[in-house]
Amino acid sequence: MFQQLFSRRGRTTFNIEPHVGILPLKLEMPRNEVQRLMRNLGYGLSSSHDQSDYYIESSVQVEFDAAEKASFIGISPHHETDVLYNGKRVFEHEAEFVFSFIRECGDEMYSEYEPREYLFRKQILTLWDAAEQYELGGERFPVWGQIGVGNQYYLSAVDAINGLGN
């Protein structure tokens, strides 16, 4: 038991797949299935607020629609996770490089780098708050504070907040 308390958990790999999820978490997944999946991975809820659940010291955020299905999944740098997008570990590269890589992979060539927040509309993929403080190797360069994927419900909600009609 003593060894169990102090043993270090292995890293969990998450794969960012626009329109699908941050695998193994999937968009449209019912809330109870998200909770079960995260428990099976060894992570209980860090916290829960209204329509959002947080895991792994709040580095994984899952938002749910009125039907209790995942409409947005966001992930932040954490020492227990590897986060990949098209094979690249996104939190091990500078934010501007990751922005350009995502832009090219998603065929969104007219996008301009914005370090505060950005939404790639075709992919419904968000980037939030590029800063050195999120870089786990010693704050050597800016990385994204969160990368997220959403579904059409999420995109519509963002558009409504920003006063954009469909």
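**Exercise 1: Burial of a ring pair**

Y134 has a relative accessibility of 18%, so it counts as buried (under 20% relative accessible area; exposed is over 50% and partly exposed is in between, with a 1.4 Å probe and protein chains only). The model is predicted: local features need pLDDT of at least 70 and side-chain atom pairs pLDDT 80 or more, while totals for chains, interfaces and linings use all residues. Residues are numbered from 1 along each chain as its sequence is written, and side-chain values use heavy atoms, leaving out hydrogens and water.

Task: Classify W128 by its relative accessibility.

Solution: W128 has 40% relative accessibility, so it counts as partly exposed.

**Exercise 2: Ring geometry**

Task: Describe the aromatic pair of F99 and F120.

Solution: 
1. Rings of Phe, Tyr and Trp (its six-membered ring) pair if their centres lie within 6.5 Å; planes under 30 degrees apart are stacked, over 60 edge-to-face, and the rest tilted.
2. By this rule there are nine aromatic pairs.
3. F99 and F120 form a tilted pair, 5.1 Å centre to centre with 40 degrees between the planes.
4. F99 belongs to helix 3 (residues 95–105) and F120 to strand 10 (residues 117–120), so the pair ties together parts 21 residues apart in sequence. Helices (H or I, at least four residues) and strands (E, at least two) are DSSP runs, numbered from the N terminus.
5. F99 and F120 are both buried.
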